[in-house]
Each structure stands twice: as structure tokens, then as C-alpha cells.
Amino acid sequence: MPKKVRVAIIGGGPAGLTAALYTARAQLSTVVFVGDRLGGQIASTDEVDNYPGFPEGITGPDLAERMKTQAERFGAHFVWDLVQAVDFSSGSPFRIKSTDEEYLADAVIVTIGASPRKLGVPGEEQFTARGVSWCATCDGWFFRGKDIIVVGGGDSALQEGIFLTKFANSVNIVHRRDELRASVALQTRAKNNEKIKFTWNTVIDEIKGNGKVSGVVLRDLQSGQRQEVPVDGVFIFIGHDPNSDLFKGQIAMDNDGYFLIDSHMRTSVEGVFAAGEIADHTWKQAATSVGQGCAAAMSTIHWLEEHEATLQALEAEALG
Ligand code: NAP
């Protein structure tokens, strides 16, 4: 027998945790599918210093834990499992299957976020967790006194590169252009850090090793010259892709896989809302995800109120 809830939230990052706080506090039974890591991408961030209310900064995992505790205070229920399938085809109530359980939800808020992009070069898969990483917070400690390459020129590459200097002997930031995309504040901090150097107009063609990473083949995009450089680790921060595969054919999305939503966070399916990076091409901040999660929850609450009579009639009919 599926479990019945008023609201199911798929994703346990800042958007989902905020939505849960609002729907649970509105006394709607709320289940949050967290997946395998509370906080989503923020769980990989060591230092969050641009989230309002924490003047000294806070770690990503601490921030996520606080958000969860706050939602739990109002009765949100957390499921530590990945959603395997959803069925939105016949409208509310919506069917959601995780590995171990099945739920029926009157409304759904999708906050499943995005996943880090891969380079797609030889050696990347082979040496994942053997020197290739997408998470400085998780793996930085293993690179004490080592030489590391960080790939990317955005905020993530610089923020995580700076964090990695706590452990590493050296951090070489390899970027495909000669101009960074990262904020000026992070650029200044990185450029003033004596353990960091930059390699411009360069990409990785191959990651080499024997059991673990021992070097990379770099290619200068201007001269075309290739050279093998010894390194112990490669950290990749080249952006993210939305985790929308589960919803293909059920929810309208753009060519990049981002959900198409309106200003009230409504998706193409009535009763299904979305917030955070699954529907956000542009802002991608913890603070913006929180705002979007709040808006999605408020729209959900209004939608449930408006459709209360119909939903009750449907439930009575289903119970026979
Ligand atoms: P991003 O801003 O999209 O930057 C990705 C970087 O990777 C770019 O420099 C891009 O190069 C490079 N890149 C993309 N594909 C590549 C490939 N195949 N090979 C080599 N390089 C490649 O991603 P992000 O840094 O993860 O940031 C995502 C969002 O989160 C942004 O909005 C950012 O502001 C935000 N964020 C904020 C903070 C903070 O405020 N402290 C921290 C982390 C992230 P090009 O520049 O040439 O395109």
C-alpha cells in the first residue's frame, strides 16, 4: 500500500529543505526524498560566506543540517532514499517510488538540483576516487602535501581551489580561457594565495596513472602543444547539468534539461512545482534556491487550498 501525504518534495538541498519548512509549517503532511546526501551541492561546500544571517560563514553541511532540523520541528518527514520513478500521467495524487517505498502525494515539489559535469577525457572514469574528484570538502584531506590540478574558471573552481590549499602543496588552476568567470572577490583571494598558480588557455586531454592519478596530459589551446605534467589529484569544477532524466516525457523542459516553470514555480503538470537548480539556468546560489523553494511551497499551499474539495472527493472515491 503506498503511503499517502499531502506534499512530496524530491530533493534535499536548500530549495527542498525550505519548501519542506513552509509546507510542514502549514500543517500539510510532507515527505522529503533526500537521496544519498543531505544538502545537495551545498554538502560539498566547505565555507559558505554569502548566505545571509551567518556573518562568520558556515559550512555547507552545517547549514543543511540546520535547515533540516528546522523543517523537522514542524513535522517534515525525511526519507534517505533515491526516487526511482514518478508517475505524473494521471494528475493528482501523484505516484512516487523510491527504492524501498511508494508514496501518493496530492502535490509535488521537485528540487532535485543538478550534478557536476564531467570532462569526458580518458582516465577520468578509471581514476574517479583514485585521485579524480568533484568534491574538495569530501576529498581534500587525502591530498595533504600533494600537488593538485583544479579544472575550471568559475566560482566553484576558485572557491574550492582556495579551500584545497589548506591541504595541498600546490594548486594549479587550469582554465580553457585567459579570463575567469569567477567573482572579483574570489579572483583576488585566489591570486593572492601563494600556493595557487594559473595555467591559461589550457585543457586536460588525458588523466594518467597506475592505480591512482600520477599525471595529466595538458594541451595549450593556442599553440596546440601537449605536455605531460605530474600531479597527484585532479579536481573538476566545470559547471553542472540538471538532474532531470527521471522526469523526461512527463514535465516540459528546455533543450538543456532545465524544467520550464512560470513565475509561480508551476511546471507543465498541474500540482507539480519546481525550485532551485533543476529550473534555474542563471542564479544557482543557496540564497536564491531558498527563495525559490519558499515560493514553490507557497504556490503549492495555495493550489492545495483551491483544489481541496476535488482532492477530497478523489480520495473518497479511491477508498471506495
Ligand atoms: P560555472 O560558473 O558554469 O563555471 C564553469 C567553469 O568551467 C567556466 O569557467 C567554464 O569555462 C569551465 N568549463 C565548462 N565546461 C568546461 C569543459 N568541458 N572543459 C573545461 N572547462 C570547462 O560553474 P560553477 O563555478 O560551478 O558555478 C555555478 C554557479 O554557482 C554560478 O552561478 C556561481 O556563481 C555559483 N557559485 C557561487 C559561489 C559563491 O558565490 N561563493 C561558489 C560556487 C558556485 P568558461 O568560463 O570558458 O565558460
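Reader: Does His 240 count as buried or exposed, and at what relative accessibility?

Author: A word on the source comes before the case: this is a predicted model, in which local features need pLDDT of at least 70 and side-chain atom pairs count only at pLDDT 80 or more, while totals for chains, interfaces and linings use all residues. Residues are numbered from 1 along each chain as its sequence is written, and side-chain values use heavy atoms, with hydrogens and water left out. Buried means under 20% relative accessible area, exposed over 50%, and partly exposed in between (1.4 Å probe, protein chains only). His 240 counts as buried because its relative accessibility is 19%. His 240 is placed in strand 16 (residues 240–242), where helices (H or I, at least four residues) and strands (E, at least two) are DSSP runs numbered from the N terminus.

Reader: Which side chain makes a polar contact with the side chain of His 240?

Author: A polar contact is a pair of N or O atoms within 3.5 Å; within protein, one must be able to donate a hydrogen and the other to accept it, and residues adjacent in sequence count only if both atoms are side-chain atoms. For His 240, the partner is the side chain of Gln 41, at 2.9 Å. Contact in the wider sense means heavy atoms within 4.5 Å, and, not counting residues up to four places away in sequence, His 240 touches residues including Ala 114, Pro 116, Tyr 258 and Glu 277.

Reader: How does a residue in a loop read, and where does Asn 201 lie?

Author: Asn 201 lies in the loop between strand 11 (196–199) and strand 12 (202–209), yet Asn 201 counts as buried, because its relative accessibility is 13%. The side chain of Asn 201 reaches the backbone nitrogen of Asp 178 at 3.3 Å. Asp 100 also lies in a loop, between strand 5 (94–98) and strand 6, but Asp 100 is exposed, since its relative accessible area is 66%.

Reader: Which residues have the most contacts inside the largest nonpolar core?

Author: In soluble globular proteins, nonpolar side chains tend to be buried together. A nonpolar core is a set of buried Ala, Val, Leu, Ile, Met, Phe, Trp, Tyr and Cys residues joined through side-chain atoms within 4.5 Å. Here the largest one has 35 residues, and Ile 9, Tyr 51, Leu 63, Phe 78, Ile 109 and Leu 304 have the most contacts inside it. Among the elements that give two or more residues to this core are strand 1 (3–10), helix 2 (60–73) and helix 6 (286–306), and helix 6 gives the most, with seven residues. A second, separate core of 24 residues includes Val 86, Val 110, Ile 251 and Val 272.

Reader: Of the residues around the ligand, which come nearest?

Author: A residue is near a molecule if one of its heavy atoms lies within 4 Å of it. Of the 18 residues around the ligand, Asp 155, Ser 156, Gln 159, Arg 177 and Arg 181 come nearest. An oxygen atom of the ligand is 2.6 Å from an N or O atom in the side chain of Arg 181, and an oxygen atom of the ligand is 3.4 Å from a polar backbone atom of Gly 154.

Reader: Which helix gives the most to the shell around the ligand?

Author: Helix 4 (residues 155–164) does, with three residues. Helix 4 is also mostly covered, seven of its 10 residues being buried.
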